[in-house]
Structures are given as structure tokens and as C-alpha cells.
Amino acid sequence: MTFWSDPINFVAQWLRDVFTGWGWSSGLANAIILLLGALVLVSFAMLLDIFLVWIERKVVARFQDRLGPNRVGPFGIFQPFADIVKLILKEDITPVGADKLVYNLAPILSLTSVLLLWAILPLAATIYGADLNVALLYLVAAGALGTLSIIMAGWSSNNKYALLGAFRMVASMVSYEIPMVVALLIPTIITGSMSVREITLAQGDGGVWFFIVAPLATVIFLISAIAELGRSPFDLNEAESEIVAGFHIEYTGMKFGLFYAGELLHAFTFGGFLAILFFGGYRFFGLENLHPLVGAIIFLVKALIGYWVIMWVKYTVPRIRIDHMLGFNWKFLTPLSLVVLMVTAVLNQALAGSETWVYALVMFLANVVVGWLTLEILRAYSRSQRKAEEPVVESVAQAAHH
Amino acid sequence: MQSEWLYIGLFLLVGIFIPVAAIVISALLGPKKPNPIKQSTYECGMETVGVNWVQFKAPYYIFALIFLIFDVETVFLFPWAIALNQSQPGVLGVFVAVEGVIFILILLAGLVYAWRKGALEWM
């Protein structure tokens with residue numbers, strides 16, 4: 001192993017030699033190296049977060065036929081730095097009657113819950129933080145911490161809008177957690193492991209990307225991830241036309257900035273998990289074998305594409321009503337995800353030991369059949385709904401005529 | 001495995017340190033000129049009426065209950081999903097999957113019951 005073939009692990013090994021050379025115990029040296037690694041990764045995530053603010057503003061501007069930030073630096077790329085300076089220099093207002101401790105903890109927890117997800121992201125074959133064997137459960141648990149931060153913000157602000165926003169957010173987040181967990185179960189069944197690293201490894205070297213094996217699970221994961229993020233069309237928690245800004249209405253300055261940074265990084269991280277679970281992670285047809293950093297770049301590009309899709313949905317689809325949102329989840333997404341799970345489990349066992357391409361083809365066809373049946377049921381239902389509504393519409397029209 | 005969880009713990013410390021540092025720096029650099037109007041609760045220019053911790057709609061509670069049942073049962077599904085690949089191929093392997101399917105069908109029966117009872121309507 002030389003510096004050029006694997007810089008990160010080379011530096012880690014070099015530091016380990018230096019520390020043990022100073023007479024430190026190997027356990028302490030290891031802990032210091034892990035701490036340094038965590039610092040580097042968190043700093044990288046925060047730098048990326050600053051860059052994401054620029055991307056988000058530029059992309060929303062293009063969707064709305066505007067230019068976006070273009071004054072500070074080339075293409076306005078230094079705009080987020082100006083924003084950060086402004087946020088830091090703003091006065092920090094705590095509303096009267098707020099629960100001070102909880103009020104201050106909420107933005108911290110909001111960003112921490114997102115940063116915690118970065119601990120398990122495998123950036124490349126040799127660049128990964130913790131290879132947990134329960135990584136998918138960890139993903140769900142860290143997401144639940146994000147929910148908690150929103151309840152804390154809404155409850156402690158002493159504001160009715162904030163409280164309403166928090167209620168709505170909790171309703172949507174806990175509901176959409178069910179299809180998300182079921183969608184996470186499907187890569188687990190195919191791989192036989194909850195480790196994100198093993199899921200990535202199973203999608204290369206004679207395996208196929210899981211979005212071919214489980215296209216419906218990919219879509220279910222994407223929808224529930226958007227709901228979990230609280231982004232449009234599920235952004236009832238901060239519906240600015242009804243409840244002003246929802247749970248972060250009373251937050252000013254850097255505390256608001258932390259919520260905003262947490263939301264953007266969360267969206268990017270879910271793009272990353274979409275890439276890892278269904279689109280091969282850092283793998284791209286053998287290109288990742290050239291160099292670990294190439295693998296990391298492939299992963300970041302895939303995560304950015306996932307993030308772009310989430311933005312695309314956000315700026316295209318209007319907000320939906322809360323009863324529609326909960327109905328969509330409990331009457332459509334949850335039953336569908338459970339059916340897909342049953343089909344995947346039975347076929348996975350029936351096809352055990354068969355060729356990879358046979359396995360992928362049968363799984364794909366099974367998904368197509370389930371998807372088609374679902375659409376047929378929905379069509380029949382909407383036809384019956386229209387039939388039931390038509391006489392009402394006619395009688396209303398006649399009444400108006402008379 | 002120990003080192004992995006040590007890394008998670010250290011990551012948690014760093015992850016808490018960064019936002020705390022941002023808030024502390026902001027508190028040190030920002031102005032502090034509080035007054036009663038500025039610190040009052042935001043309400044579109046009106047005076048706030050009544051208590052701010054209001055009662056909430058009952059359906060939120062019902063949806064939380066349904067979620068709780070499903071969440072506990074999906075936790076049972078994870079060990080099953082992992083053991084699935086390690087089971088014997090052939091008829092026995094399919095039988096393991098069918099056992100899981102029966103469990104999921106019971107789950108779905110609970111969902112249909114809640115649906116028929118009208119618990120999924122927003123009233």
C-alpha cells in the first residue's frame with residue numbers, strides 16, 4: 001500500500017505507527033485515529049452542505065426560470081459563505097415563554113441526527129466509517145432522532161403555528177416510516193445482510209444493481225424518503241401559506257441556519273442511501289477499481305443525482321392535504337410495500353441457487369406484474385369513484401341552472 | 001465490532017460539537033438587544049390569544065397507535081429477512097418464506113380491520 005494507491009488508509013497506518021512510536025497503547029492510538037477520521041468526515045460533510053445551499057438555490061432558480069445567486073464570486077458560488085456570515089451576526093431571539101433547554105437542543109439534534117448517518121456511508125471500497133452489521137436499523141433510528149428534534153422545536157417554541165407544524169410532521173414521519181422500513185427489508189432479503197457495505201458489494205462482481213431486481217422497492221423508498229425529509233409534496237410541516245413556517249417559525253440566526261443545513265444535508269444523504277441500496281453505491285462497471293477516490297467521486301455523483309431527483313419532485317409537485325397524505329400512505333403505500341415484500345421473499349427462496357440473470361429477470365417481471373395489478377386496481381377504484389360522483393355533479397349543475 | 005461502535009460514539013461527539021460551536025460563535029458575535037415586543041410570540045402582527053399549548057386532533061393519536069403496532073412487527077421481520085438467505089434451498093427454503101408471508105398476512109389483516117373500522121379516515 002503506497003500513498004498514491006490508497007491515501008486515506010496510508011495516512012491512517014502512518015499515524016498509527018507514529019502514535020505507537022510515542023509509546024501510546026494501540027487502543028488509544030486507534031481511538032485518536034477514529035476521532036480524526038470522524039472530524040475529517042464531518043468537516044467534509046459540512047463543506048459539502050455549504051456547497052449544497054448554492055446548488056439548491058441555483059436549481060430552484062432554474063426550475064422557476066430565474067438566474068439564482070450570481071453576484072458573489074463566479075456563478076454566485078460564494079453566496080452561501082456570505083449567508084453564513086449574515087446568519088452568525090444575527091441576533092439570537094428566544095421567544096417569551098419558550099422552554100429554553102429544549103428550544104436550544106432542537107436545532108443541534110436536527111443537524112446531529114443527519115451527521116450520524118454519515119458514519120455508516122461507504123464512500124469507496126476502502127473508505128468507509130463504521131461497517132455496522134445493523135446499518136439499516138441504525139439508519140431508521142437516526143431518522144427517528146430527526147423526528148424528535150422537530151417535536152422538540154415545535155413544542156418548546158410556545159407558538160401555535162410551530163405546534164401545528166410539529167404535529168403534522170410527526171404524523172407524516174411516523175406513517176411513512178413503515179413503507180421505508182419495508183423497502184429497506186427488500187435489499188436485506190436479497191443480500192442476506194443489513195450492512196450497507198455488503199449490500200454495495202452484492203451489487204457488483206456478478207450481481208446486478210438492485211433497482212432492476214426491486215424497482216417497486218426503489219420507488220417506495222424514494223417516496224417515503226421524501227416524506228421523511230418533509231419536502232414538497234409532503235411539506236405540510238412548514239406549509240408557508242397556512243402555518244407560516246411551521247416548527248422553525250420562532251428560530252432566528254444560526255439556529256434557523258442549522259435546521260436549514262440539516263434539511264439539505266438530509267436530502268443529499270438520502271440521495272446517497274438511494275444510490276447505495278439500489279444503484280450500486282460507489283460501483284460503476286469496474287471504474288471504481290482504478291482508485292479509491294474515483295469510487296468516492298462516483299458515489300458522490302450518484303448521491304447528487306438522487307438529490308437532484310428529490311429537488312425535481314419538490315419544485316414540480318404541489319403540496320397535498322394531510323388526509324390525502326395519510327390515506328396515500330396507509331391505504332396504498334403500506335399494503336403495496338407489504339405485498340412486494342411477500343413476493344420478493346417467496347421468489348428469493350424459490351430461485352435460490354439459480355443464475356444471476358434468471359434471478360434478476362424473474363424478480364423484475366414479478367415487480368412489473370405487481371405494479372400493473374396495482375395500477376389496474378387503482379383504475380377500477382377511480383372509475384367507480386367517478387361514477388358515484390357524476391350524478392351529484394349533474395344535480396348541482398341543474399340546481400344552478402334553475 | 002467494538003471499534004465500529006467506538007467510531008459511532010466519537011462521531012456522535014463530533015456531530016454534537018459542530019452545531020454547538022456554530023450556536024456559541026453566533027451568540028458571542030451577534031447583538032443582544034432584547035425588548036418585550038421582539039420577544040413576543042409571532043402571530044402575524046396580532047396579540048396571541050389564549051394558551052399556546054393547544055389540544056390536538058384525536059386522529060393524530062390513532063395514527064400514532066397504528067404506527068406503533070406496525071413498527072414493532074417490522075422489527076420482527078428483520079431477523080427473518082436475514083435468516084432467509086441462510087436457510088436450506090428448495091422446498092424447505094420456500095416454507096421459511098411462506099411462514100413469513102403468513103405473519104405479514106396477519107399484519108395486513110390488522111390494517112384491513114383498522115381500515116374497515118374507519119381509523120384511517122381523517123375526521
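**Entry 1: Leu274(A).** I looked up which residues Leu274(A) touches, leaving out residues up to four places away in sequence. Its partners are Phe221(A), Leu222(A), Ala225(A), Phe279(A) and Gly306(A). I note that this is a predicted model.

**Entry 2: the core.** I next looked at the largest nonpolar core, which has 135 residues. Leu274(A) is one of the five members that touch the most other members, along with Ala166(A), Leu185(A), Ile186(A) and Phe221(A).

**Entry 3: Asp65(A).** I turned to backbone angles and found a positive phi of about 60° at Asp65(A), which is not a glycine. I located Asp65(A) in the loop that lies between helix H2 (26–63) and helix H3 (79–89) of chain A. Is Asp65(A) buried or exposed? I counted 6 other C-beta atoms within 10 Å, and exposed means 12 or fewer, so Asp65(A) is exposed.

**Entry 4: Asn158(A).** Asn158(A) is not a glycine either, and its phi is positive, about 60°. I found Asn158(A) in the loop between helix H5 (135–156) and H6 of chain A. I repeated the neighbour count and got 20 C-beta neighbours inside 10 Å. The cut-off for buried is 20 or more, so Asn158(A) counts as buried.

How values were computed:
Residues are numbered from 1 along each chain as its sequence is written. Chains are lettered from A and ligands numbered from 1 in the order in which they are written. This is a predicted model: local features need pLDDT of at least 70, side-chain atom pairs count only at pLDDT 80 or more; totals for chains, interfaces and linings use all residues. A nonpolar core is a set of buried Ala, Val, Leu, Ile, Met, Phe, Trp, Tyr and Cys residues joined through C-beta atoms within 7 Å. Two residues are in contact if their C-beta atoms, placed from the backbone, lie within 7 Å. Helices (H or I, at least four residues) and strands (E, at least two) are DSSP runs, numbered from the N terminus.
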